[in-house]
Amino acid sequence: MILQLEKNIQSSEKEQLIKNLKKFTKSVNEVQTQKGFYLVAMEKNNIDIREIGQLSGVRDVHVVSDNYQLVSKKWKVNPAQIQLRDGTIISQNDFSIMAGPCSIESEEQVDAVIAHLVENNVKIMRGGVYKPRSSPYSFRGLGMEGLKMWYEKAKAAGIMIITEVMQLSQVEEMYDYIDIYQVGARNTQNFNLLDELGKVDKPVMIKRGVSGTIEELLYSAEYVFSGGNENLILCERGIRTFENMTRNTLDINAIPVLKDKTHLPVVVDPSHGIGIRKHVEPVALAGIMAGADGVIFELHPDPETAMSDGQQSLYFEESSAMIRKMKMAYTLRGEMN
């Protein structure tokens with residue numbers, strides 16, 4: 001059960017409300033975001049919500065059967081809108097493209113990618129400055145110095161940044177230089193990190209875990225929301241199965257299921273989903289037709305020399321062609337609906 005409180009509720013009034021609620025519930029958790037103040041209560045048994053709704057300080061009451069209450073569509077029917085600094089909106093009513101290299105490697109690489117994104121009217125650049133690599137001997141990113149260099153160039157071109165955060169200390173040090181935090185597949189259940197991201201006021205995109213269920217992804221988002229940050233994006237990037245002819249198994253099923261379960265925008269990552277350059281485009285288009293609100297993919301000026309994930313990164317020419325087709329597919333989907 002979620003109680004939305006009056007904006008001008010007094011502290012004493014809220015304390016009395018919580019005391020009254022404990023007569024009906026097992027637990028009461030306070031959640032304060034930029035958009036409102038909520039109490040999330042776990043019911044002891046079936047109760048008359050009319051009685052709860054009449055308590056002083058309560059603006060609205062919602063009974064949500066899902067344990068992931070705050071991210072559930074049973075609470076918020078209208079799609080969430082994630083506002084970025086230049087007025088760009090990521091939402092279920094819009095289509096977003098995020099593109100860039102797996103790793104930020106050099107100034108020359110960043111300049112080339114930014115020029116490509118500007119040419120194709122893509123507003124959000126992805127890239128890693130801290131890279132979680134399977135081998136400790138692989139390139140692991142340029143760190144904060146690389147991020148600062150990237151930020152200055154992106155800002156000058158009107159491009160926003162999404163990059164992966166891997167540990168608690170990076171949340172604060174990255175804050176001034178990014179627009180969206182990305183939680184990678186390996187950290188989807190790093191609950192300390194999710195708690196920390198609940199304290200910031202910038203959007204967070206959470207990728208599905210390597211072997212994670214759809215429900216576990218929703219619980220990860222609930223961690224961040226319950227900490228106070230409701231600017232959330234979910235990403236289907238494929239899961240590990242017995243199949244070994246592709247990097248992962250992109251779960252197209254997850255896209256319509258997530259759209260049915262949550263009010264949060266859902267993005268698809270075809271690059272990590274299949275891991276094979278020539279197949280990235282058809283998988284991206286399939287994700288769009290399945291209902292994805294955006295696509296995040298990898299590109300590189302010269303994929304053959306990329307320090308990471310070159311085999312799944314598109315050449316600029318391939319990227320331009322796919323962007324055109326993705327926009328057409330999104331328009332076609334709207335016409336079909």
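The structure holds zero disulfides, a disulfide being a pair of cysteine sulfur atoms within 2.5 Å. What keeps the sulfur of Cys102 from forming such a bond? The closest cysteine sulfur, in Cys235, sits 14 Å away, and that is too far for a bond. Cys102 is buried, with a relative accessible area of 3%, and Cys235 is buried at 0%. Here buried means under 20% relative accessible area, exposed means over 50%, and partly exposed is in between (1.4 Å probe, protein chains only).

A word on the model itself. It is a predicted one, in which local features need pLDDT of at least 70 and side-chain atom pairs count only at pLDDT 80 or more, while totals for chains, interfaces and linings use all residues. Residues are numbered from 1 along each chain as its sequence is written, and side-chain values use heavy atoms, with hydrogens and water left out.

Next come the charged pairs. Side chains of opposite charge can pair when their charged atoms come close. A search of the whole structure turns up 16 salt bridges, each counted when a side-chain nitrogen of Lys or Arg is within 4 Å of a carboxyl oxygen of Asp or Glu. One of them joins Arg85 to Asp179, with the closest N and O atoms 2.6 Å apart. This pair links distant parts of the chain, 94 residues apart: Arg85 is in the loop between β5 (81–83) and β6 (89–91), and Asp179 in the loop between α5 (168–174) and β10 (180–183). Helices (H or I, at least four residues) and strands (E, at least two) are DSSP runs, numbered from the N terminus. Arg85 is partly exposed at 47% relative accessible area, whereas Asp179 counts as buried at 9%.

Another salt bridge brings together the side chains of Glu298 and Arg126 (3.5 Å, N to O). Glu298 belongs to strand β14 (residues 294–298) and Arg126 to strand β8 (residues 124–126), so this contact ties together parts 172 residues apart in sequence. Both Glu298 and Arg126 are buried.

Asp269 and Lys207 also form a salt bridge, their closest N and O atoms being 2.6 Å apart. Asp269 lies in the loop between β13 (266–268) and α9 (270–274) and Lys207 in strand β11 (residues 204–207), so the pair ties together parts that are 62 residues apart in sequence. Asp269 is buried at 1% relative accessibility, and Lys207 is buried at 4%. Elsewhere, salt bridges that share partners join Glu107, Asp111 and Lys153 into one network.

Leu332 is found in helix α11 (residues 316–336) and, at 42% relative accessibility, counts as partly exposed.

Helix α11 turns up again in the second largest pocket, where α11 and β7 (96–100) each supply at least two residues of the lining. The lining includes Phe95, Ser96, Ile97, Lys327 and Tyr330.

How values were computed
1 Å grid on protein atoms, 1.4 Å probe; cavity = no way out; pocket = protein on both sides within 12 Å on 5 of 7 lines; lining within 4 Å.
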